[in-house]
Amino acid sequence: MTQLNAIMPGGGISRRSLHIFILADCSGSMKIDGRMQALNYAIASITPQLISWEKEQEQAQIFIRAVAFADNATWHIQTPEPIATFNWPPLNHVEKGLTAMGEAIRLVADALSPEKFEPRALRPVILLITDGKPTDIDQFEIGIKELFSNPVGKASIRLAIAIGQGANFSFLNRFINDADIPVMVAENADQIVVKLTAATLAISKMSSIGSDRKEVAEQVIMPEANEFGVGDEGTIV
Amino acid sequence: MSFLPGTSTNGLLYPQVGDEVKMVRTNTSIRIESKVAEGGQGVVFRGVDKNGHDLAIKWYKKNKYLERQYRSIENLASHSRPHKAFAWPIDIVLHSNVFGFGYAMVWVEARFISLVEMLKQRLQPDFRTLISIGTELVEAFSTLHARGLCYKDINFGNLLVDPNTGEVAIVDNDNIASEVTKQGIKGTLRFMAPELITNTAAPSTVTDLYSLSVFLFYLYMHGHPLEGQRVNVSYTWEPGQNISETTLATHFFGEDPIFVYDPWDVSNRPDYDSPIVRWWDIYPTSFKNVFIKAFTQGLKNPSLMTRVNETEWRNALYRLNDQLSICSCGAAIFVDFEQCNKKCWNCGNIPALPFTISTPSGISALSEGFKLTKHHIYKDFKYREVIGATERHPSQPDQLVLRNTSNMTWSIEPVGEELKEVKPGQRMLIRPMRMSIGSVIIEISR
C-alpha cells in the first residue's frame, strides 16, 4: 500500500506565539499555610495541561515568562520559554518581604511595549497571583497607567488569583480592568492548584479567536453561574 | 422530565469514578473508570461494560437545553451509524442518584490523534496514507449528508486521524441534526463558512462542505486557506492600529474572504516562509484546481453546486492517488499531466516520467503502490476492488511488475512482441504495450 521509504516533505504549520506572563507574589506572608510551595506545585501541575492544549492548537505556540515580587520585582524567567520544554524553578518567599506588585506590573508593561512585542503574536496573558496588596502604591499607579496606555497591554488577557483573606480585591480589579472577569479566590493553599487549573482553562478558551470573554468567565471562572451556560469550547453559539 | 431521576441525593453534578450508569434501552450497566476530559458542555468518562469493552460516556452539564439535548441524542441513538468513522451515540445513560443524563459511544482508541498534532510532526505520513485519511473523511461525510443530516462543527477537536493506518474517527456526534433544525451551534470560527460568520445562513450540508474543504486544505497544504499576507499584515500592535482578533477574523474569514491562491486576486498569497507554499507546489494542477473551486466560487456564493461536494473530492483524491510517483532522488512526487517539466521539490531536477497507464478513467502513474481497480476499467466507482497491483521486480529492484489480482485473464501485446496472456495471480513486467481486460483496451506507455 505504502510507498516504501519515499522521502516526504517535513511537517509543521505556521503558528502565532501566545505569551503568558506569571506574576508571582513572594512576600513574607506566602510562607503561611505552605502557600509558596502550593504555588510552585500548582504551576508544575498546570504545565501538562498547557502542553496538551498547545498540541491540539493550530495557532497558538505557548511561551512562558515569570516575574517574582517581594521587596522588589525581578524576572524569574526572562527569556520566553516554550511550554514544551518549560521548567519551573521553585520560588521561595522572602522573609518579611513586601509586595512590590506595582514594580512587577511595570516590568511586564515594558516587555509588552509595541516595539518589543512581536506583531503576529496572539493577545498575551498576564496572570497575577497574590495574597496581599501592593506595598508600592505609587509604582502600582504608574504600572497600571503604563499597562493600559500600551495597545498590547490593553489587549492582553488579565487574570488574578487571590490567596486567602489578605488579598485586596480593589487593586486586583483595577489590574483586571474588565467587569466581566472576576478575581479568582483560593481560600487556602489547597485551592491554588484548583484555581490555577481554572485559569489555564480560561486562558485557552479566551485565546481562541472569536471567544466571548464574558461567556468564558461565566463558564470557567464562576462555575456556580454555569446553570444556564451552554456551548462547547471553541464554538460559537 | 422523564430523564431526571429525582434530585441528586449526593448533590453531585456528574457520576463519580466507580459509579454505575445504565443504558436506557438495554438496561445494561457501565462502570465509570476514569474522567477523560471536561468541556463547556459536559464531562467525558471512560467506562467499561460487563463484557469488559471500553465505552466513552459523555455526561451533560446542567443547562437550559437539557431536554432538547436528550431528545436529540435519543433520536441519533435510534439510528445506526452512517459510517464506521463516527463515534455514534449508542444509547442514553442514566445514574440512579445523579441529576441529568449522558450517552454512551464507541471508545476512540489512543492511536487516533488530532490532525494538528500530526501536521506538526517532523516526519509526515506518506502520501498514500494522507490520501486515505482524506478519502475516508469524505466518504464518512458523504454517508451522513446522504441521510439528510449535517455535522455543523467540523474542527480539529472533532476529527481525529490515525497517521499510521490512514483511518479517521469523528467524535462529538451530538451536534448532528437534520438540516431543518435551525437550533444549535454554528461551529468553530476558523472552520465556519463565511455565510455563518456573517449570520446570513444557518448550518447545513452546504456549510459542512465548506468546513470540510478547510479541513482538507489543512491536511494537504498545512495551513488555513484564507490566511495569507493580507491577513498577516493586519496583525499589529501599533497604537490605534490594533484591531481585535474577532473583528479581524470576522472580516477575513466572513465578510471579505480571499483565497491564498485565488487566480484572479494575488493580494492574499501565503507568506514566503509559510508551509503552504512548499506543499501547494508539490501537488498536480488538477488537484489544486479543486481547492481553487472550493475557495473562489465556493467561497462567496454558497450552494451545493458552487461548493466542492464529496463526489468531487473523492474523484479528486482518487486521481491524486493515481498521480503519485517517485523521483530518482527518492522523494515522493506527483506526475502533473498538465504541467510538463515540473521540478522535483526535493532535488530540483526534472524527474524522468514513469510508465503511465491509460484507462477509461484517465491516465495514471504506474509507480510503486499503484493499484489497478475496477473503477479504472469500468468507471463504476468501485475504488476498493483491486484487480492489479504493482510490485518491485524480484531481481531487478529498479523495475516494476504488475500482478493480476483479478480472476480474469488479461491479454497483452507488448510493443515488438507477440500476444501473451497474464493469468490470475501472474505478474508481468511493466513496459510499453496494449492490453485488454475483457473488452476494455488499455495502454501502457512512457
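How many helices and strands does the secondary structure of chain B come to? The model is a predicted one, and in it chain B has twelve helices and 23 strands. The C-alpha atoms of chain B, taken along the principal axes, fill a box of roughly 85 × 65 × 40 Å. Chain B consists of 446 residues, of which 55% count as buried. Its accessible surface comes to about 18,800 Å², and 51% of that area belongs to carbon and sulfur atoms. If one takes the contacts in chain B between residues at least 6 apart in sequence, 56% of them join residues at least 24 apart.

Among the contacts in chain A between residues at least 6 apart in sequence, 72% join residues at least 24 apart.

One element of chain A illustrates how buried residues are arranged. Helix α2 of chain A spans residues 101–111, and its buried residues are A:M101, A:G102, A:A104, A:I105, A:V108, A:A109 and A:A111. Which elements do the buried residues of α2(A) pack against? Their partners in chain A include the strands β1 (16–25), β2 (60–69), β3 (73–82) and β4 (125–130), together with the helices α3 (137–148) and α5 (169–176).

In chain B, a pair of helices deserves attention. Two packed helices are described by the angle between their axes and the distance between the axes. Helix α9 of chain B (residues 285–295) and helix α11 of chain B (residues 310–322) pack at an angle of about 155 degrees, and their axes are 9 Å apart. Because angles over 145 degrees count as roughly antiparallel, α9(B) is roughly antiparallel to α11(B). The crossing in which α9(B) passes α11(B) is left-handed. On the side of α9(B), the residues that meet the other helix are B:F287, B:V290, B:F291, B:K293 and B:A294, while α11(B) contributes B:E312, B:W313, B:A316, B:L317 and B:L320. The residues of this contact divide into eight nonpolar, two charged and no polar.

The loop between α10 (297–300) and α11 of chain B holds B:S303. B:S303 and B:E38 are 265 residues apart in sequence, and their C-alpha atoms are 36 Å apart in space.

Two further loop residues concern the backbone. Most residues other than glycine have a negative phi. A:D33, which is not a glycine, has a positive phi near 65 degrees. This residue lies in the loop between β1 and α1 (35–56) of chain A, and A:D33 counts as partly exposed because its relative accessibility is 49%. In chain B, B:F381 also is not a glycine and has a positive phi, of about 65 degrees. The place of B:F381 is in the loop between α12 (374–378) and β17 (386–392) of chain B. With a relative accessibility of 47%, B:F381 counts as partly exposed.

How values were computed: Residues numbered from 1 in each chain as written. Chains lettered and ligands numbered in written order. Predicted model: local features only at pLDDT ≥ 70, side-chain atom pairs only at ≥ 80, totals over all residues. Heavy atoms only, no water. Axes fitted to C-alpha atoms, helices over the stretch in contact; angles between N-to-C directions. Helix = DSSP H or I, 4+ residues; strand = E, 2+ residues; numbered from the N terminus. Parallel < 35°, antiparallel > 145°, perpendicular 65-115°, else oblique. Left-handed = near helix turned anticlockwise from the far one by under 90°. Contact = heavy atoms within 4.5 Å. Nonpolar A, V, L, I, M, F, W, Y, C, P; charged D, E, K, R; others polar. Buried < 20%, exposed > 50% of the residue type's maximum accessible area, 1.4 Å probe, protein only. Areas by Shrake-Rupley, 256 points an atom, 1.4 Å probe, with all protein chains shown as cover.
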